[in-house]
Amino acid sequence: MLTITARQPGSLEIEARGKLDRGDYERVVPELEAAAASGELRVLIRLRDFEGWAPKALIEDLRFDIRHHDDFRKIAIVGERKLERWATELSKPFFSGEMRFFENDTEARAWVGA
């Protein structure tokens, strides 16, 4: 499930839990796009018991990434596993802004400016 957990001007906090499906993107992307349209967005994403994407959700994620390459100033990913750190590194080329992986929510929040 993909959920926006906090909203402030210029920043969002998102939680990704379990396996993401296309419905998650259909529900959350409109709000993400509206926030991104207001300027460079800062995002903190928490991965909790994250199991990845269903195939159609992965396609939606990649489409979103390509459409919004320049809309994000900073993206902080908070996770617990090496695979999540590795996936963060693979995602960096999709965004012109900075992206970093953290194991600590407090450090991620301070870095992203949320």
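Is phenylalanine 50 buried or exposed? At 10% relative accessibility, phenylalanine 50 counts as buried, where buried means under 20% relative accessible area, exposed means over 50%, and partly exposed covers the values in between (1.4 Å probe, protein chains only). The structure is a predicted model, in which local features need pLDDT of at least 70 and side-chain atom pairs count only at pLDDT 80 or more, whereas totals for chains, interfaces and linings use all residues. Residues are numbered from 1 along each chain as its sequence is written, and side-chain values use heavy atoms, with hydrogens and water left out.

Rings of Phe, Tyr and Trp (its six-membered ring) are taken to pair if their centres lie within 6.5 Å, with planes under 30 degrees apart counted as stacked, over 60 as edge-to-face and the rest as tilted. By this rule there are four aromatic pairs. In one of them, the ring centres of phenylalanine 50 and tryptophan 53 are 5.2 Å apart and the planes stand at 85°, so the pair is edge-to-face. While phenylalanine 50 is buried, tryptophan 53 is partly exposed, at a relative accessible area of 32%. Elsewhere, ring pairs join Phe64, Phe72 and Phe95 into a cluster.

Helices (H or I, at least four residues) and strands (E, at least two) are DSSP runs, numbered from the N terminus.

Helix H4 (residues 105-112) has Ala108, Trp111 and Val112 as its buried residues. Seen down the axis of H4, these buried residues fall within an arc of 90°, so they line one face of the helix; the arc is that of the directions from the helix axis to the C-beta atoms. Thr106 and Ala110, on the other side of H4, are exposed. The ring of tryptophan 111 has the charged end of lysine 74 over it, 4.7 Å from the ring centre, a charge being said to sit over a ring if NZ of Lys or CZ of Arg is within 6 Å of the ring centre and within 35 degrees of the ring normal.

In strand S1 (residues 2-8) is leucine 2, which is buried with a relative accessible area of 9%. The C-alpha atoms of leucine 2 and isoleucine 75 are separated by 16 Å, the two residues being 73 residues apart along the chain.

**Salt bridges**

A salt bridge is a side-chain nitrogen of Lys or Arg within 4 Å of a carboxyl oxygen of Asp or Glu, and by this rule the count comes to 15. Three of these pairs are set out below.

| Salt bridge | Closest N and O atoms |
|---|---|
| Arginine 17 and aspartate 49 | 3.4 Å |
| Arginine 22 and glutamate 26 | 3.6 Å |
| Glutamate 103 and arginine 85 | 3.2 Å |

The salt bridge between arginine 17 and aspartate 49 links distant parts of the chain, with arginine 17 in strand S2 (residues 11-20) and aspartate 49 in strand S3 (residues 41-53), 32 residues apart. Arginine 17 is partly exposed at 37% relative accessibility, whereas aspartate 49 is exposed at 55%. Phi of aspartate 49 is near 50°, a positive value in a residue other than glycine. Most residues other than glycine have a negative phi.

Arginine 22 and glutamate 26 both lie in helix H1 (residues 22-37), four residues apart, which is about one turn of the helix. An α-helix has 3.6 residues a turn, so residues three or four places apart point the same way. Arginine 22 is partly exposed at 36% relative accessibility, and glutamate 26 is exposed at 54%.

The salt bridge of glutamate 103 with arginine 85 again links distant parts of the chain, glutamate 103 being in the loop between strand S5 (98-102) and H4, and arginine 85 in helix H3 (residues 82-91), 18 residues apart. Glutamate 103 is exposed at 59% relative accessibility, while arginine 85 is partly exposed at 38%. Finally, salt bridges that share partners join Glu13, Arg46, Asp105 and Arg109 into one network.
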